[in-house]
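Here is a short briefing to read alongside the model. Have a look at the chain first, and then we can walk through its charged side chains together.

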Amino acid sequence: MKYQSPKGVSEYFPPRSSGFEFVRDKLLAPIKNAGYQLLELPVFEDTELFTRGVGESTDVVSKEMYTFEDRGGRSITLRPEGTVGALRSIIEHGLDRSALPVKVFYCGPFFRAERPQAGRYRQFYSLGIEAVGSDDPALDAEVIALAYEGFYGIGLRKFRLDITSLGDADSRKAHRVDLLAYIEKLNLDDPTRARAGINPLRLFDDKRPEVSSLMAKAPRLLDYLSEDSSEHFKKVQGYLSAMGIPFSINPLMVRGLDYYTGTTFEFVHEDLGAQSGIGGGGRYDGLMENIGGQNISGIGFGLGIDRALLAAEAEGILESHHVSPLLYLIPLGEKAKNVALKLSHQIRNAGLAVEVSMGDKALKNAMKSADKSGAIYTCVLGDSELESGNVELKEMISGNATSVTLSALLTTLQLKTVKK
RNA sequence: GUGGGCGUAGCUCAGCUGGUAGAGCACUCGGUUGUGGUCCGAGAUGUCGCGGGUUCGAGCCCCGUCGCUCACCCCA
């Protein structure tokens, strides 16, 4: 094989691509129903936007970005995440100058130069929302609910929701001092110590039992929340409970992006491998201002479409979502082909799905293709039909055929679809 | 970046202690005139990942290389 896809990219081809569409559309549905509007964004931005917005100290920025120089000598980076690009667009086009909160969603490919793994790709697909300009805890709860509704709408059941609060700047400052003092006394290897130096919270996320047991008694950020932060977090929990959304508070949860403050959350699926997070997000108090906007808070999430698809497959809830044609037309001969094409054109214009047999197959083989297409009805068009003006409309499941005049075919099909 | 596993037909894989390639599924066509799903038959498809070595002979052994994959790390 001469060419193959670049290492670690996810690509979707039939028949699985229909599952991808299904998952994406299901995730999107509640978001649209909640008044979020599309933000169609570039997949690359000035590198500085990410280094500044996401944070130099994060793994994402320090070693996972696809960065290159364009022909004008500008440093460009393929977006590793969606929030800062979305906020840049909101600021640049003044969307935050009208009624707040601004509520937008976006969807598409993201890029991280990581070692690929099950559920982790160098090009992956995410769907995100951002709600900017309100610090109402009800908004936190609504945003979380939208993700939950999306996953639930796909049919996923074996997932859980973890939430925590990172508090405000003062909360984190006080905690950091105590946490560093605690870590100082631990017997850790050098790389781990180095990670602690970059962000001590990371150690809470270490999967090695020897580390996690040491961290079990470490001071927890949740215990350091200011009164405001604590109050806010309690309200979020109350709203979630009111909606009947199950969640657990996970004080050990850590997110890899620097901009998160206050409420953060993560959806974890139990049937996936090491990469089990199917979505996550949180509030960001200083991010808008940090990248040149107003000093207003926002909250958002990113949902992994690739992973949601894997999860749906793992739960066995994904039937084929290929759109089968209503009618499969089989022309026999050149004259019939003209008529079939014309008919199919009219039928599609009427908004119905129709396929035409191609390649002058023997009728038997054309019927096999019709069967494979999953068509509900099949119709053979040969010389005798053209002459008489009558066709047999064959219902594939029962095998029964009814005679219809050629001119009434479209209206007959329309009637049949209305009945269902 | 660090480890483990694996590379044989489109897919899933078999291939005995080395004797120069197979199955199932899928696909195309056919089983007498223009009707699918079952059945039967026929056909096409591989530089056995690539390069080197050992050997009379390598899919099988050795070395290298590339790729895929899983995990660490990190996250969607």
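The points below cover the domains, the salt bridges and a charged patch.

This is a predicted model, in which local features need pLDDT of at least 70 and side-chain atom pairs count only at pLDDT 80 or more, while totals for chains, interfaces and linings use all residues. Residues are numbered from 1 along each chain as its sequence is written, and side-chain values use heavy atoms, with hydrogens and water left out.

**Domains**
- Chain A splits into domain 1 (16–168 + 226–314) and domain 2 (327–419), with bounds from an automatic or database domain assignment.
- Between the C-alpha centres of domain 1 and domain 2 there are 47 Å.

**Salt bridges**
- Eleven salt bridges are counted, each being a side-chain nitrogen of Lys or Arg within 4 Å of a carboxyl oxygen of Asp or Glu.
- Arg 16 pairs with Glu 313, with closest N and O atoms 2.7 Å apart.
- Because Arg 16 is in helix 1 (residues 16–33) and Glu 313 in helix 11 (residues 305–314), this pair ties together parts 297 residues apart in sequence; helices here are DSSP runs (H or I, at least four residues).

**Positive patch**
- Lys 361, Lys 364, Lys 368 and Lys 372 form a patch of positive charge on the surface; such patches take residues with over 30% relative accessible area and no salt bridge, joining like charges within 9 Å.
- Lys 364 sits in helix 13 (residues 363–373) and is exposed at 60% relative accessibility (exposed means over 50%, buried under 20%, partly exposed in between, with a 1.4 Å probe and protein chains only).

Definitions and conventions
Chains are lettered from A and ligands numbered from 1 in the order in which they are written. Patches are made of residues with over 30% relative accessible area and no salt bridge: like charges are joined within 9 Å, nonpolar side chains (Val, Leu, Ile, Met, Phe, Trp, Tyr) within 5 Å. Accessible areas come from the Shrake-Rupley method with a 1.4 Å probe; for residues, only the protein chains shown count as cover. Lys and Arg count as positive and Asp and Glu as negative; His and the chain ends are not counted. The place of a charge is taken as NZ of Lys, CZ of Arg, CG of Asp or CD of Glu. Helices (H or I, at least four residues) and strands (E, at least two) are DSSP runs, numbered from the N terminus.
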